[in-house]
Amino acid sequence: MSHDKNRLSIDAAKLYYESDMSQQKIADALGISRPSVSRLLQYAKEQGFVKIQIVDPVELRISLRDTLRKKYHLKEVRIANAPLNNEKERKKAMGMKAASYLEEIVQDGDIIGVGWGASLYQMAMHLTPKPVKGVQVVQLKGGISYSKRNTYAHEIVTLVAKAFSTSGFFLPIPVMFDNMEVKRLVEHDRYVKHILDVGRKANIAVATVGPASDESILFHLGYYIDADDREILSKKAAGDLCSRFYGDDGTIVDEELDARTIGIRLDEFKRKETRILIAGGKEKLRAMHAALKAGYMNTLITDRYTALALQDME
């Protein structure tokens, strides 16, 4: 009798859960009453013949946040729910999430240092005004280029400063120079030195990372990165942070190129109280993983597709 009940409950469960039949139709098909079908379905769950799993996307994101927070020893992780896994939607979703987070944490007297790039520009565009006093916004690295590709360096500083009722400090020079001598001369200019000093004092830093490949925006801005430099970077570098190229262990991979770069150094960046990384996409995974592992960032804002991929990175 028990065997018959087991078989009947399984048949009823298959018709109900897999064939999407109503209990009345199942009753008619099996030649039993509708209340009997209800009891058979309950029996199937009690015996473990049926297991119901509820997938809550909110709970999944919370679990994923906790996993990434522990993996990279971060103080905060925010995951944007991009509707599609393409660059436009990822950056828009991350920008909105980053804007919300920055509005949440900025207080009177904070100094916000910003890099440049499309993800930060999306954040800047989605900021809403917050009534704070004494906030300063400063560019962490040079933003002038010789290319039509937009770094959004000026726009980011302008929009972030406007959101927090202040004016911005701009660094209107290239981020990279042809040689170290020229770079040293520019660095000692009184105005440039002042901006760099403000950047060093920033307690909040917001930046992205780039890949060390032809997809790197730095390779297309007209800076002097010759074939030898590119070969070294493609072999040794995991990516760049504030235009400083680092390896999988987080150390600088080309000292000569780094010496020609103007802006905040990675050791200075690492001392910031709040260091926010806004990044996503398959092409940035290695750069993100290395920067997070090296402890350069303590806050991560990414999209759900990239977060899932980072979870499996070794």
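Reader: Which residue in β7 does Val209 stand opposite?

Author: Some ground rules for this predicted model: local features need pLDDT of at least 70, side-chain atom pairs count only at pLDDT 80 or more, and totals for chains, interfaces and linings use all residues. Residues are numbered from 1 along each chain as its sequence is written, and side-chain values use heavy atoms, with hydrogens and water left out. β6 and strand β7 (residues 239-241) pair in the antiparallel sense over three bridges, where pairing takes at least two DSSP bridges and strands are DSSP E runs of at least two residues, helices H or I runs of at least four. In that pairing, the residue opposite Val209 is Leu241.

Reader: How much does the twist average from one strand to the next?

Author: The open sheet has three antiparallel strands in the order β6-β7-β8. Its edge strands, each pairing on one side only, are β6 (209-211) and β8 (244-246). From one strand to the next, the twist averages 35°.

Reader: And which helix packs on the sheet?

Author: The helix touches β6, β7 and β8, contact meaning heavy atoms within 4.5 Å. Its direction makes about 135° with that of β6, with angles running from 0 to 180 degrees between the N-to-C directions of axes fitted to C-alpha atoms. This helix, covering residues 285-293, is α13.

Reader: How many residues has the largest nonpolar core?

Author: Such a core joins buried (under 20% relative accessible area) Ala, Val, Leu, Ile, Met, Phe, Trp, Tyr and Cys residues through side-chain atoms within 4.5 Å. Leu102, Ile112 and Val206 are among those with the most contacts inside the largest one, and elements including α5 (87-105), α6 (118-126) and β5 (204-207) each supply at least two of its residues. Beyond its neighbours within four places in sequence, Val206 is in contact with residues including Leu102, Ile112 and Ile278. The number of residues in this largest core is 39.

Reader: Are α5 and α6 roughly parallel or oblique to each other?

Author: Residues in α5 including Met94, Ala98 and Leu102 meet residues of α6, among them Ala118, Gln122 and Met123. The two helices pack at an angle of about 55°, with axes 7 Å apart. Under 35 degrees is roughly parallel, over 145 roughly antiparallel, 65 to 115 roughly perpendicular and the rest oblique. α5 and α6 are therefore oblique.

Reader: Is Asp249 buried or exposed?

Author: Asp249 sits in the loop between β8 and α11 (255-259), and its C-alpha atom is 8.4 Å from that of Ala291, 42 residues away along the chain. Because its relative accessibility is 56%, against a cut-off of over 50%, Asp249 counts as exposed.

Definitions and conventions. Buried means under 20% relative accessible area, exposed over 50%, partly exposed in between (1.4 Å probe, protein chains only).
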